[in-house]
Amino acid sequence: MDFAGSPNSRYFRRALLVSGVVLLAGAARAQDTTPVAAAPPDAGPVPMPQGAPQLEDFAPLPGNVAWPTVETTTDGEPVEVAGDVSYMVAVTGLAELGLETQFRELSSLWTKRGQPANLAQINRRTTEDRDLIDQLLRSIGHYGGNTAVALTAPVQVGGKTSIAMTVTAGPIYTFDSISVVAPAEAIGGDPLGIVKPLLGIKVGDTVDAARVNAGQDAIAVKLADAGYAFAVVGKPDIVIDHATRTATLLQTIDLGKPGVHGALRMSGALQGFDDKHLALLARFKPGDPFTDAGRDDLRRALIHTGLFGTVSVRPVAGAIQADGTQVVDLQITTEAAPARTIAASVGYSTGQGIRVEGSWTHRNLFQPEGAFTARVVAAEREQVLTGEIRKRNFRRRDQSLTLRGGFTAEQQDAFDATTVGVLAAIDRESNIIWQKPITYSVGVELLATRQRDRSAPDDPNNTYFILAFPGAITWDRSDDLLNPSKGFRLSGRVSPEFSLRSGQNFNYVKLQVDGSVYQPFGDFVLAGRMHVGGIAGAERGRIAPDRRFYAGGGGSVRGYDYQGVGPQDAEGSPTGGNSLVEASAEVRYRFEAFGSDLGVVGFVDAGQVYPTSLPKFTDLRYGVGIGLRYFTSFGPVRIDIATPIARREGEPRAAFYVSIGQAF
């Protein structure tokens, strides 16, 4: 059969096209009714009268095409056959208008080309496609077009024929008048000034059905965002004038009353998620002018908590106030999402080996939005076991309270460290949905740690008690949190630290500044990064080894082992330092191949560690390499391989890194 009822079929899409042009073809009222003379049979397309083009009567296919019904076998006996042939289709005149792809998706002839068909089927499909072409032409403002069809006969049954369709678009029609009818008293006497810009079309624009239809779909949303939550948008009245090849549009709209925000009503709320916490998530207060953007922002904020699987926020009409505004309450309906999550990740880098991390989270253990996470890391050179309570939207939206405690053990080239610590911090968060220009973090950290400095063999073990007050602030003007392609980021970190070692106390301040910039060039992105740090107030040898600066590795200078850049003792153990400088430059290219979203990167890194409190920017070590990126919904998977420049004895010939996210 030649039709299908599936919503995914081309017939369903064709129905959508018809509904899109019905404003112009069905609802439009022609002003010119000049009669058209009848054409004799087989005369081809009916000529259109000057100034009054209409869709011509379909020209019949050639009636004298020989259509074989029998063929002869090798012994000369005739055998009856069905009379089917295969055919090919060629269409000219649509590609220049940008309609050829859409025609091929919806065409009866094109989608069944190459399949056996009889003459009746080909005739029916041709008739359907000529009607389709006329609808497509009208959808972009061309009226009175013509489609000529030429059919060549097959040589024999089972052979191939060809169908050539030549399209003449016809003249373009434009809007010469756009009018809006709306209650003037509801909008300050200027309906045209408020509504007309929202239509998305203006006088002189082509009578484009797709554009008109899109404007109709969007106008209610735009009016709601302008404060009219219950506006009623009528169907446009479009009048086509063939004599002048123009159209007029008359749009009727009942805006209703301008709205103000009212009460928030929530059904299906989680335990502990009360009205007070709900109001904290809203960026508006009762009495503020209503905007649909504010309603949608609240919906996305509820989704972002991770506590709800589905969220619906529906405006409900309230009382009309003395000033003529209408209260708009919001009815919130939710369904709870699973509260528990298990996550795992695997990474690898040269020098650090395999790293496996797992976590278990209950997102609402301490209500509301108080998540508890147990985290474990099992790596060749690091072992971690921590527990964390994270209270999101703490006292204000997008602010978190974090309480963390646990155990860590490291066996690095520079030191061995076993640490027990606790941390409390307040964070102003940025995320994928709302990437903020300014974020910050302030906290307090208390550590008890037993460390062995491998660069000081005569003083192998020391116990440190450290009280730190870390703080950070970031200015982010990049276009994407996970994969930026333009803009910049600038962050600063400071941590005053009070340390007690062997009964002696000393104090110091640790400062760091990190900046990155991203600049697109066509399909390429140039990215650069600079990181500078310094410690003032204490000599390197007194500071706990894991609080010093080190360089080298996947997040630093690639091509070297972790902590492989900087001063070393006679045995080759990194000593660390009181200052640091790192710089990176990357050329990134993103493309699609093998059905995947991929990228390649070329990069050069530089860095050095110094014993002084201020970096000297001398004796820099360099690494160069290439990388592959596999882009996923949660960010790019990064695979890099790099090698040192001017390699020294003991340094790797090549280093390999696998992780999630861009290097910077």
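## Salt bridges and aromatic contacts

Glu586 and Arg558 join their side chains in a salt bridge, 2.9 Å from N to O. This bridge connects distant parts of the chain. Glu586 belongs to strand β26, while Arg558 lies in the loop between β25 and β26, 28 residues apart. The model is a predicted one.

How exposed are the two partners? Glu586 has 2% relative accessibility, so it counts as buried, the cut-off being under 20%. Arg558 has 1% relative accessibility and therefore counts as buried too.

The pair also belongs to a wider group. A network of salt bridges links Arg558, Glu586, Arg588, Asp605, Arg629, Arg638 and Asp640. In total, the structure holds 36 salt bridges. Side chains of opposite charge can pair when their charged atoms come close.

**Two further bridges**

Arg547 and Glu497 form another salt bridge. This pair, too, links distant parts of the chain. Arg547 is in the loop between β25 (524-536) and β26 (579-593). Glu497 is in strand β23 (residues 487-501), and 50 residues separate the partners. Both Arg547 and Glu497 are buried.

Arg295 and Asp292 make a local bridge within one helix. They are three residues apart in helix α8 (residues 292-304), which means about one helical turn lies between them. An α-helix has 3.6 residues a turn, so residues three or four places apart point the same way. Arg295 and Asp292 are both buried.

| Salt bridge | N to O distance |
|---|---|
| Glu586 and Arg558 | 2.9 Å |
| Arg547 and Glu497 | 2.7 Å |
| Arg295 and Asp292 | 2.7 Å |

**Aromatic pairs**

How many aromatic pairs does the structure hold? There are 10. Among them is Phe273 with Phe308, an edge-to-face pair. The centres are 5.4 Å apart, with 80° between the planes. The pair links distant parts of the chain. Phe273 lies in the loop between β11 (259-267) and α7 (275-281). Phe308 is in strand β12 (residues 308-320), 35 residues apart from Phe273. Phe273 and Phe308 are both buried.

Phe415 is buried, as is Tyr550.

Phe524, Tyr589 and Phe591 come together in one aromatic cluster.

**Charges over rings**

Aromatic rings also meet charged side chains. The charged end of Arg283 sits over the ring of Trp434, 5.8 Å from the ring centre. Lys510 lies over the face of Phe549, 5.0 Å from the centre of that ring.

**Helix α4**

Helix α4 (residues 119-139) has 21 residues.

At the start, a side-chain oxygen of Asn118 comes to within 3.2 Å of the backbone nitrogen of Ala120. Just after α4, Gly141 has a positive phi of about 95°.

Methods:
Residues numbered from 1 in each chain as written. Predicted model: local features only at pLDDT ≥ 70, side-chain atom pairs only at ≥ 80, totals over all residues. Heavy atoms only, no water. Salt bridge = Lys/Arg side-chain N within 4 Å of Asp/Glu carboxyl O. Helix = DSSP H or I, 4+ residues; strand = E, 2+ residues; numbered from the N terminus. Buried < 20%, exposed > 50% of the residue type's maximum accessible area, 1.4 Å probe, protein only. Expected span 1.5 Å × (residues − 1). Polar contact = N/O pair within 3.5 Å; in protein donor to acceptor, adjacent residues only side chain to side chain. Phe/Tyr/Trp six-rings, centres within 6.5 Å; stacked < 30°, edge-to-face > 60°. Lys NZ or Arg CZ within 6 Å of the ring centre and 35° of its normal.
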